[in-house]
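Try each task before reading its solution.

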Amino acid sequence: MTYTLETQYTSKNFTPAAQVPAIFGMPRTITGITIHHWGGLGQLFETVRQWLCTNNVPTSAHYIVQAGLVSCIVAPENAAWHAGTARGNATTIGIECRPEATDEDYATVAELIRDLRATYGDLPLFKHSDWIPTACPGVWDLPRLDALARNQPPTEKDWFDMANLDDLKQAIRETDNEKFSRQGSVGGQMSKQDFFAWFDATMASAVRQAASAAAQAVLNTPIPRIGGGTITLATMAAYSDANREAGQQVQTSLVEQAVKAALTDGTVKVDVSVTGGK
Ligand SMILES: [Zn+2]
């Protein structure tokens, strides 16, 4: 086992095996495991252990578990008081789990389940709420625990069943930032996010180059001239530009000539008098 097993603490709250038939109406048998959580987030393992050993409510469990640490406070042979029903108490082993339920907590609870199954057979898992109406065992996910205890990774279905939208978004973000090995001569690692950014930039640049090359090709394609022979669009455009410039030059020089003529032959005076209305 990879966890520390404490056996030096014993709860006063349990029914010895021999008295179980009289108290619960059936013999002590071990045919299942009931999973609990101890409820208050942030509550310490040691505080819970102390309370389950000494309270007068009366309440107990067989095991208390957090990552790497297991305390057996009632021997499984006897009936701890954890399920809230005679059958739950008489027939199952009760495990109190840390409500924070981290991956490490899961690993240790799963290992304890594996060890108990090695001793008592293939025990099914029950939630406390399978026995009585209660919020216990909180977020603890029994299919995930069962899969871990059997050394199987949780199936995709289990994962989607327990994941909410925020979990999924977070998982996708984590996948985006996860680094992947790069192939070939480049080597090293790159996240999916970086890869897509690089891919988008490269594609955009390739599209720009292709568009520019296509436009050049069209401009340089010879087309037939009305008067015979061929001309490219580029040449025609240059020709048209030149014509336009030539046309502007002609217009400009015509205006200049008109102004000069007006200045030298007195036409301006006539014009001014006309526009002045006299
Ligand atoms: Zn419970």
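**Exercise 1.** Find the sense in which β3 and β7 pair, and the number of bridges. Then look for what else pairs with β3.

*Solution.* In this predicted model, β3 and β7 run parallel, paired over 6 bridges. Finally, count burial: 5 of the 6 residues of β3 are buried, so the strand is largely enclosed by the rest of the structure.

**Exercise 2.** Work out which residues of α4 are buried and what covers them.

*Solution.* Start with the helix itself: α4 (residues 103–120) spans 25 Å between its first and last C-alpha, close to the expected 26 Å. Its buried residues include Asp105, Tyr106, Val109 and Ile113. Residues three or four places apart on an α-helix point the same way, because there are 3.6 residues a turn. The cover over the buried residues includes β3, β7 and α5 (142–149). Now zoom in on Val109: beyond its neighbours within four places in sequence, Val109 contacts Val65, Ile95, Cys97 and Leu145. Val109 is also among the residues with the most contacts inside the largest nonpolar core, which has 32 residues. The largest share of that core, 4 residues, comes from α4.

**Exercise 3.** Is α7 enclosed or largely in the open?

*Solution.* Count the buried residues: of 13 in α7, the number is 0, so this helix lies largely in the open.

Terms used: Residues are numbered from 1 along each chain as its sequence is written. This is a predicted model: local features need pLDDT of at least 70, side-chain atom pairs count only at pLDDT 80 or more; totals for chains, interfaces and linings use all residues. Helices (H or I, at least four residues) and strands (E, at least two) are DSSP runs, numbered from the N terminus. The expected span of a helix is 1.5 Å times one less than its number of residues. A residue is buried if 20 or more other C-beta atoms lie within 10 Å of its own, exposed if 12 or fewer, and partly exposed in between; C-beta atoms are placed from the backbone. Two residues are in contact if their C-beta atoms, placed from the backbone, lie within 7 Å. A nonpolar core is a set of buried Ala, Val, Leu, Ile, Met, Phe, Trp, Tyr and Cys residues joined through C-beta atoms within 7 Å. Two strands pair if DSSP finds at least two bridges between them.
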